[in-house]
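Hi,

Here is the structure I promised to pass on. My notes on it follow below.

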Amino acid sequence: MSDSVKLANRVGAYEQPFSGVGVRFEPLGIEADQSGIVLHEAGFHPANDNWNFPSVFSPFWRLYYNTGGEHCVVFGDEFFTLDKDRLCLIPDHQLFHCLGLQPSSSFWLHFSFDRKPSHQQAIPIILNPDNVELGLIREISDLIGSEGEGQSHRINRLSIALLNVVLSRQDLSWRPAIPRQLSIIIQYIEEHVESRIPNDRLAQLAGVSVESVYRLFRQHLGTSPAQHISQVRIRKASHLLLQEKYSIDQIAELTGFPNRAYFSRIFKQVTGVPPAAFRTSHGN
């Protein structure tokens, strides 16, 4: 964990949880403690006038509190304005856009959490912040960018406290906690997405049967192993499409698809547009 709260150059946070303008903590893949939370980054910008990030599709959660009413997140065709009366929670593996050109105070936390929202939970999760949450946000924001020994440890403790308060709300609906066997499988898929990943290999890793692998995915993620692997591959492919140095054929190979035609078909199923159209719309 970093002891410094000095900010680096802005690079955005797509595949990795570090934006370059936040306080860095743990990388992806760190095992959570009993709270189920791993904090990756905390950030605050008092007058953020360039909050434009297309096609965000990341393997970690986000909490946003942007107060000016000038910024929004876009899911499909629906716009969700962020203002002083709204906390926004976005789970992992969600495709959305950040939009905002006018100055607005921006606060964010990037983190991992070992639970998944239920199928009935609306995404993004929009909440009215209470006084405790607002107090913690103000205290963390004041610490970010300030000088002083041990500031990053205070930011870490307060950020974890804020996440515990928000995630324990009674009005949130959750699936059962993800068991360790499934966590092992999910991490393996993230690290080997370019390779062939047979179900018997996943079962061997977790020490369970193939039938149990299917049951774990259905019960906790609401999907099949193959569908989850496709989602991870498409998420990684979407970031590669934003880079001009890779052809679509190369991206298909780098993300584990057997050919461009199959890649294009699955990509359109997940994102709603073919890879070439996605690159044209969001490449710059």
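**Aromatic pairs and what surrounds them**

F75 has 13% relative accessibility, so it counts as buried (under 20% relative accessible area; exposed is over 50%, partly exposed in between, with a 1.4 Å probe and protein chains only). Before going on: this is a predicted model, where local features need pLDDT of at least 70, side-chain atom pairs count only at pLDDT 80 or more, and totals for chains, interfaces and linings use all residues. Residues are numbered from 1 along each chain as its sequence is written, and side-chain values use heavy atoms, with hydrogens and water left out.

F96 is buried too, because its relative accessibility is 2%. I paired rings of Phe, Tyr and Trp (its six-membered ring) if their centres lie within 6.5 Å, calling planes under 30 degrees apart stacked, over 60 edge-to-face and the rest tilted. That rule gives 12 aromatic pairs. F75 and F96 make a stacked one, at 5.3 Å centre to centre and 5° between the planes. F75 sits in strand β5 (residues 68-75) and F96 in strand β8, so the pair ties together parts 21 residues apart in sequence. Helices (H or I, at least four residues) and strands (E, at least two) are DSSP runs, numbered from the N terminus.

F113 and W174 form an edge-to-face pair, with 5.3 Å between centres and 75° between planes. F113 is in strand β9 and W174 in the loop between α2 and α3 (180-191), 61 residues apart. Separately, F257, Y262, F263, F267 and F278 form one aromatic cluster.

**The sheet**

β8 also belongs to an open sheet of four strands, ordered β3-β8-β5-β6 with antiparallel pairing (two strands pair if DSSP finds at least two bridges between them). Its edge strands are β3 (53-56) and β6 (78-83), each pairing on one side only. Two bridges join β3 to β8 (residues 96-99), and V56 stands opposite F96.

As for the length of α2, its 17 residues should span 24 Å at 1.5 Å a residue, and the end C-alpha atoms are 24 Å apart, which agrees (the expected span is 1.5 Å times one less than the number of residues).

Cheers
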